[in-house]
Amino acid sequence: MRKNIVAGNWKMNKSFDEADELVNGIMELLEKKELGKNTLMILCPPFPYLEMVSDYSNDSYFMVGAQNVNDNDKGAYTGEVSAGMLASMEIEYCIVGHSERRAYYGETDAIIAKKVDQLLKNDIRPIVCCGEVLEEREAGKQFDVVKRQISEGLFHLSAEQFKSLVIAYEPVWAIGTGKTATPEQAQEIHAFIRQTIAEKYGKDVADEISILYGGSCKPSNAKELFANPDVDGGLIGGAALQAEDFVNIAMSF
Ligand code: PEP
């Protein structure tokens, strides 16, 4: 059975002490109310806090992910972080292709494909984001956009490699805007993504992949979204910065 996953993308937020407080808050809440057996929590802090958060993860309340990775092995890439470095810190997941990276740092599907390769080579599971912008949704192009992002970024992988992925559908118009996709909109496109994967790799592979929804997901709407058969959890931005909100979302399955 595929996992239910709630991943918190902290983006470029929190001081070191605030980050420490957030992890502690999450752990305190998880001591009181346990996560569902099939639920996996992943925390994705900024790079400088990975080690601190990883140290806490030894208590196995959650796993740890990075928010980005460079597409090269190593070398003269000032300011960048490689998949090998993350692997050497035992980081298990990494977000790739977030719409903010696509929009502000020019990440293309081709670059995303290389990043995914780097991660898989280092046994790190990519959380690959896809999703359309508002004009594309208004023009009814969301299916084409998502299909292009998935096929160009991921369809060079073998079926075995593909099984290591987590996909996050994040409509850009819903990220940080307070506008959430309706449960029907989420289910429709998640089912389409799973169908697209099934056409390339077969139904068994498609059924194994967790497909997360991202975009203004919060405790008040998580239950309705996660109740859909093809919505296997969420990639959470704003609401992941507050321990109680984040844990409540993780309890929404
Ligand atoms: C995100 O950026 O991945 C995200 C889902 O953000 P938010 O929850 O704040 O919309």
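This is a predicted model: local features need pLDDT of at least 70, side-chain atom pairs count only at pLDDT 80 or more; totals for chains, interfaces and linings use all residues.
A search of the whole structure finds 14 salt bridges. Three of these pairs are described here in turn.

In the pair formed by D232 and R194, the side chains meet with a distance of 2.8 Å from N to O.

The salt bridge between K203 and D207 has an N to O distance of 2.6 Å. Its two residues both lie in helix α10 (residues 203-208), where they are 4 residues apart, or about one turn of the helix. The surroundings of the two side chains can be described by their accessibility. K203 has a relative accessible area of 57%, which is over 50%, so K203 counts as exposed. D207 has a relative accessible area of 29% and is partly exposed.

A further salt bridge joins E160 to K163, and the closest N and O atoms of this pair are 3.3 Å apart. E160 is exposed, its relative accessible area being 56%. K163 is partly exposed, at 26% relative accessibility.

The packing of two helices was examined next. Helix α5 (residues 109-121) packs against helix α7 (residues 142-154) at an angle of about 50°, and the axes of the two helices are 7 Å apart. Because of this angle, α5 is oblique to α7. The crossing of α5 past α7 is right-handed. On the side of α5, the contact is made by D109, A113 and V116, while α7 contributes R148, Q149, E152, G153 and L154. Sorted by class, the residues in the contact of α5 with α7 comprise 3 nonpolar, 2 polar and 3 charged ones.

Two single residues were also considered. The first topic is Q187, a residue of helix α9. At 17% relative accessibility, Q187 is under 20% and therefore counts as buried. When residues up to four places away in sequence are not counted, Q187 touches N228, P229, D230 and V231.

K11 is partly exposed, with a relative accessible area of 22%. Leaving out residues up to four places away in sequence, K11 touches P46, Q67, H98, E100, I175 and G237. The separation between K11 and F47 was also computed: the two are 36 residues apart in sequence, and their C-alpha atoms are 9.9 Å apart in space.

Key: Residues are numbered from 1 along each chain as its sequence is written. Side-chain values use heavy atoms; hydrogens and water are left out. A salt bridge is a side-chain nitrogen of Lys or Arg within 4 Å of a carboxyl oxygen of Asp or Glu. Buried means under 20% relative accessible area, exposed over 50%, partly exposed in between (1.4 Å probe, protein chains only). Axes are lines fitted to C-alpha atoms, for helices over the stretch in contact, and angles run from 0 to 180 degrees between N-to-C directions. Angles under 35 degrees count as roughly parallel, over 145 as roughly antiparallel, 65 to 115 as roughly perpendicular and the rest as oblique. A crossing is left-handed if the near helix is turned anticlockwise from the far one by less than a right angle, and right-handed if clockwise. Contact means heavy atoms within 4.5 Å. Ala, Val, Leu, Ile, Met, Phe, Trp, Tyr, Cys and Pro count as nonpolar, Asp, Glu, Lys and Arg as charged, and the others, Gly among them, as polar.
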